[in-house]
Amino acid sequence: MKYRKLGASDLDVSVISLGSWLTYGVGVEADAGRACVNRAFDLGINFIDTANIYGRGAAETMLGETLSGRPRDSYVLATKVFFPMSETDRGLSREQIHKQIDASLQRLRTDHVDLYQCHRYDAQTPIEETMEALSEVVRAGKARYIGFSEWSPAQIEAALAVPGAERFVSSQPQYSLLHRQPEQAVIPLSARSGVSQIVWSPLGQGVLTGKYAPDAKPPGDSRAASDRMGHSMNDLMRPQVLAAVQELKPLAAEAGCSLAQFALAWVLREPNVASAIVGASRPGQLDDNAAAADLQVDPALFQRAETIIEALRG
């Protein structure tokens with residue numbers, strides 16, 4: 001495993017990290033989830049990402065139980081706040097940030113998280129209030145650093161301009177061969193501002209593994225076949241997308257790796273990416289993904305892959 005510095009922090013995070021969206025506490029049985037977390041540590045993955053909204057606290061609870069026997073300084077733990085936890089609890093107000101960090105810490109069975117992230121932007125709360133509340137959380141020792149997910153460049157700049165506030169060190173965007181929008185503005189702005197990317201869905205929710213054929217039903221044990229986990233995949237499962245992904249397989253073979261490893265290595269070619277978050281329902285999936293950390297791929301193969309995917313937009 002390789003590690004990269006997370007923005008302007010002192011955190012060294014594994015370039016492959018383990019996420020828990022739609023999986024732990026939700027779509028994956030507890031024993032399988034624990035096995036995945038334990039296998040991640042075996043592979044040198046030290047960065048675990050979750051959120052209070054995942055299973056309405058269920059993912060944090062499962063991780064808290066699984067991590068409780070490990071030394072707290074042996075892993076980097078991140079969670080998030082914004083989405084509704086009840087009919088009245090949502091957003092990034094001072095009240096909510098303080099309430100939700102305490103609830104997250106209780107579920108995670110720890111006195112602090114290493115990274116506390118705004119899961120989305122809250123247009124209903126002044127940015128000054130949000131940044132001041134996040135700063136209070138850091139200064140109280142409940143989080144070491146702060147980050148954001150899916151904010152616009154204008155929103156990022158406004159937050160960075162709040163005087164006296166703690167500085168963001170991470171951005172968590174969707175980023176993959178199938179979704180390259182962060183390259184336009186978020187990555188350049190982040191690189192100038194001491195902010196690293198923690199990428200979600202680098203495998204396009206599994207589509208970039210190549211396991212979905214354009215003319216066949218999804219495998220029965222796949223995310224796309226799951227009522228609980230496949231609801232957000234409609235756009236990615238279009239036949240033309242699946243056909244283009246099949247064209248990437250020979251490039252991965254030429255690089256001497258699986259298609260999933262190829263797609264992860266493509267994301268990690270970007271210096272501003274500190275880590276690519278992967279999900280896993282079986283420990284063996286992590287073995288394949290973790291191997292991407294050591295890949296050296298000819299940039300010409302990446303360029304050919306980009307051309308194939310760009311043709312979808314033509």
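Start at Ser104: beyond its neighbours within four places in sequence, Ser104 is in contact with Asn52, Glu60 and Thr79. Contact here means heavy atoms within 4.5 Å. This is a predicted model, in which local features need pLDDT of at least 70, side-chain atom pairs count only at pLDDT 80 or more, and totals for chains, interfaces and linings use all residues. Residues are numbered from 1 along each chain as its sequence is written, and side-chain values use heavy atoms, with hydrogens and water left out.

Stay on Ser104. The residue lies in helix H3. Helices (H or I, at least four residues) and strands (E, at least two) are DSSP runs, numbered from the N terminus. Ser104 counts as buried, at 0% relative accessibility. Buried means under 20% relative accessible area, exposed over 50%, and partly exposed in between (1.4 Å probe, protein chains only).

**Helices H2 and H3**

Select H2 and H3 (residues 94-108). Their axes come within 7 Å and cross at roughly 45 degrees. Axes are lines fitted to C-alpha atoms, for helices over the stretch in contact, and angles run from 0 to 180 degrees between N-to-C directions.

Now show the side chains. Glu60, Thr61, Leu63 and Gly64 in H2 meet Ser104, Arg107 and Leu108 in H3. The residues of this contact are 2 nonpolar, 3 polar and 2 charged. Ala, Val, Leu, Ile, Met, Phe, Trp, Tyr, Cys and Pro count as nonpolar, Asp, Glu, Lys and Arg as charged, and the others, Gly among them, as polar.

**Loops**

Go to Gly55, in the loop between strand E4 (47-49) and helix H2 (58-67). Gly55 is partly exposed, with a relative accessible area of 37%. Trp21 is 34 residues away in sequence, but its C-alpha is 8.4 Å from that of Gly55.

Next, select Arg109, in the loop between H3 and strand E6 (113-118). Arg109 is not a glycine, yet has a positive phi of about 60 degrees. At 52% relative accessibility, Arg109 is exposed.

Then jump to Gln205, in the loop between strand E9 (196-199) and helix H7 (239-255). Gln205 also has a positive phi, of about 55 degrees, without being a glycine. Is Gln205 buried or exposed? Gln205 is buried, at 10% relative accessibility.

**Helix H5**

Select H5 (residues 153-160), where Ile156, Ala159 and Leu160 are buried. These residues lie on the same side of H5, because they cover an arc of only 95 degrees around the axis. The arc is that of the directions from the helix axis to the C-beta atoms. Their cover includes helix H4 (127-139), strand E7 (143-148), strand E8 (168-171) and helix H6 (186-192).

**Cores**

Finish inside. The largest nonpolar core has 85 residues; those with the most contacts inside it are Tyr116, Met131, Trp151, Phe168, Leu248, Phe262 and Leu286. A nonpolar core is a set of buried Ala, Val, Leu, Ile, Met, Phe, Trp, Tyr and Cys residues joined through side-chain atoms within 4.5 Å. Helix H8 (residues 259-268) gives the largest share of this core, 9 residues. Apart from this core lies another, of 12 residues, among them Leu11, Val76, Ala78 and Ala274.
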